Each structure stands twice: as structure tokens, then as C-alpha cells.
Amino acid sequence: MSSHAAGAFDRARPLAEDLFRAEVLAGLSARPRSLSPRWFYDRRGSELFEEITRLPEYYLTRAEREILLNHASKIAQIVGPGRAVIELGSGSSLKTPLLLNALAPSAYVPIDISGEFLRESVAALASVFPELAVYPIAADFMRPFTLPLSIKGFPRLGYFAGSTIGNMTVPVAVDFLRGIARTLGEGSLLLIGIDRIKDTRRLQAAYDDAQGITADFNLNLLHRINRELQATIPVDAFRHVARWNDYEARMEMHLEATREVRFTVAGRPFSIAQGETIHTENSLKYGPRDARTLLRAGGWVPVMEWTDREDLFALILARNCALTEGPRENRQ
Ligand code: AVJ
């Protein structure tokens, strides 16, 4: 499991840094100002996210874990043994082992943008599943990637947990789903976690918890920019804002300037007015039919779905229907 992966970890690094700088400069210059949520996950950000998943208000992880606890054997029965499991995002120690344990896969391919986090989760997993072939890929799963040759010919199951798809706008999500349908190939399956539309207070609390961990998670992005891009952002002049955008059916996170601020990033000057926000995240929520329509638009036919007792979160199994050729009429 170890040696062939080493090169892949380091190749991505200088590129990722240039991309981070370019995106931050562009995002802070744009109106409205925005930063991509994928930059939340440096070491500190990944730790804070782990803390979020244990918060009483953050129902998502618990609900998805409950679904796996209750239905993993049924999922395994439909999926069948011997598949290569390709996990988009390197996974949570609370959920992935439940799935792998039930599935008895032939290989596990975690894909994550943070090489460091990936290395650690792979090491932890290897101690629990010493027999499992693990082929980690340090990459941004939003961009096209190549599957390891070692799983050539294995039937595939994509696993996209946590409702991370919610970070994408609908057209981006559709393109993404089509892209992974292509990468995973004919006969592949996808198990995807999608958070549901629900009571606004419940959503609000999940993204603005009483302990302020989500606020720290959001604000850490500014600390990260200061650390990695020689920036001088006065982080204490920003406050965490979480709000439900009903028209777009999404939770939004912003960083709002509580006074006028001036700072530099990589030598470039910025000035942000009091009350202005930097939009840092969307978490789209889907009703049951919305979720299935999204999957169909992305080239996946829903096969079965499971929810938790409170119907907060859905785990959907879908099969690849993105044919590369053949008459349109025959596609489902
Ligand atoms: C990891 C994208 C699913 O949107 O709920 C948690 C990230 N943001 N609290 C989510 C997050 C604020 C999370 N996802």
C-alpha cells in the first residue's frame, strides 16, 4: 500500500500553492467577494471540521453514520463484493470503515486534495484493514483524474459522502457527476450522501453552533491566507455569518467586515468596507425529488435510497447511465 503512492503526494504541492494564491487574489478582487470552500481544509481546517462533525448541532455526520449503521448490509447486498471503492474526499474515520467493513471491496482508492490528511487517514485505515489494497490519490477530485492501473478491470463504486456535493452550484454539480461517471466507467455505481431541505432553525444552528467552532472554521481561512500568502488580514475585524438562502435552497457562509479594513495579500493591497462580506461557502440542500433529478441530470440513475429516522439526510445508490454512444432515446 505504501511505496507507489509516495510520488503522487509531492507532485501536487507547488501547483496547489500557486492555484491558492491566484484564486485568493481573484476572489478577493471580485464583487461580490468570494473564496472557494475547498481552501478551508489545511491541517487546522481539517481538524476544525472534524470537531464540527462531533457538534450536537451538526446533524449531518451523525445522520449519515446512522444510515450506514442501519443499512450497510443491505447496501452491500445490492453492491456485491469485490468492487474497488473510490472515495471522493479522503473520508471520515466515523463512516468509511462502516462501509468498507460491510462491502468487502477489492481495493480502496481515497482521493483528497490534502496530501497530509490523506496520508494520515490511509495509515489509520491500514491498521484496521491490514488486508485491504489501498491506492491513495492526492488530487482535487473536481478536476479530471486517472484511476490507478491496479484497479483496471475491477467493477467500481464511487463513494461521495457528507453532502459535499452541496458545495457545488447545480450546473457545477451536474458537470461533476458526469465527469465522475466517465472516470468510473460503464457498470459503475455511486453512493452519494445528500443533505435535505429542512427546518431553517435546524440548518441555522448546524452552521452557526453555540461553541463557535464553525465560526473558527470559517475564520481559519483568513488565518491560512495570512500564514501561506504573506498576508496582513486583521482577522479579528471579521465575523462569521451563516444564513439560509431560501430561493437557492442553500446555507451560505460569509465573513463580514465589522469595520473598514485594509490589508495586503502577496503584496497586493485590498480595502473592504464595513458590512461587506466575503462569501466562503454554499451548502445546497435537496428535497427527495430534487436529489434524484440532480443525479439523473448528472448521468446516474437512482437505484435505492436510505434516510435516518428523522429524514434529515439521504444516502442514495445510483448506477451509471452515461453511455458514451448509442441513441439518445435509449438512455434512461
Ligand atoms: C463538508 C461541505 C459537507 O457543507 O456541511 C460544515 C462543510 N461547512 N460546516 C457542509 C461545513 C460548515 C460541510 N461539507
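**Entry 1. Helix α3 and its cover**

I began with what lies over the buried residues of helix α3, and the cover includes α4 (59–79), α6 (115–128) and α9 (213–228). The model I am reading is a predicted one. Next I listed which residues of α3 are buried. Helix α3 spans residues 43–53, and Gly 45, Ser 46, Leu 48, Ile 52 and Thr 53 are buried there. I then looked down the axis of α3: the buried residues fall within an arc of 160 degrees, so they line one face of the helix. I noted the general rule beside this. An α-helix has 3.6 residues a turn, so residues three or four places apart point the same way.

**Entry 2. Charges on α3**

I searched the whole structure for salt bridges and found 24. I picked out a few of them. Arg 43 and Glu 47 form one, with N to O at 3.2 Å. Both residues sit in helix α3, four residues apart, which is about one turn of the helix. I checked how open they are. Arg 43 has 40% relative accessibility, so I put it down as partly exposed. Glu 47, at 35%, is partly exposed too.

Glu 116 has 37% relative accessibility and counts as partly exposed.

I moved on to Asp 195 and Lys 285. Their side chains meet in a salt bridge, 2.7 Å from N to O. The two come from distant parts of the chain, 90 residues apart. Asp 195 is in strand β6 (residues 189–195), while Lys 285 is in the loop between β11 (277–284) and α10 (288–297).

Salt bridges with shared partners join Arg 43, Arg 44, Glu 47, Glu 116 and Glu 120 into one network.

**Entry 3. Aromatic rings**

How many aromatic pairs does a search of the whole structure find? I got twelve. One of them is Phe 263 with Phe 270, and it is stacked. The ring centres are 5.7 Å apart, with 25 degrees between the planes. I checked burial for both rings. Phe 263 is buried, with 4% relative accessible area. Phe 270 is buried at 9%.

I also traced a cluster. Ring pairs link Phe 40, Tyr 41, Phe 49, Tyr 58, Tyr 207 and Phe 217.

Most residues other than glycine have a negative phi, and most peptide bonds are trans.

Which residues does a cis peptide bond join? I found it between Arg 31 and Pro 32, with omega at about -10 degrees. Pro 32 lies in the loop between α2 (13–29) and β1 (33–34).

Then I looked at positive phi values. Gln 230 is not a glycine, yet its phi is near 45 degrees. I located Gln 230 in the loop between α9 and β7 (238–245). Gln 230 has 56% relative accessibility and counts as exposed. Ala 266 has a positive phi too, about 50 degrees. Ala 266 is in the loop between β9 (261–265) and β10 (268–272). At 33% relative accessibility, Ala 266 is partly exposed.

**Entry 4. Pro 269**

My last stop was Pro 269, in strand β10. Is Pro 269 buried or exposed? I have it as exposed, at 66% relative accessibility. Leaving aside neighbours within four places in sequence, Pro 269 is in contact with Phe 263 and Thr 264. That Phe 263 is the ring I had seen stacked with Phe 270. I also checked Pro 269 against Phe 176, which is 93 residues away along the chain. Their C-alpha atoms are separated by 34 Å.

Key:
Residues numbered from 1 in each chain as written. Predicted model: local features only at pLDDT ≥ 70, side-chain atom pairs only at ≥ 80, totals over all residues. Heavy atoms only, no water. Buried < 20%, exposed > 50% of the residue type's maximum accessible area, 1.4 Å probe, protein only. Arc of directions from axis to C-beta. Contact = heavy atoms within 4.5 Å. Salt bridge = Lys/Arg side-chain N within 4 Å of Asp/Glu carboxyl O. Phe/Tyr/Trp six-rings, centres within 6.5 Å; stacked < 30°, edge-to-face > 60°.
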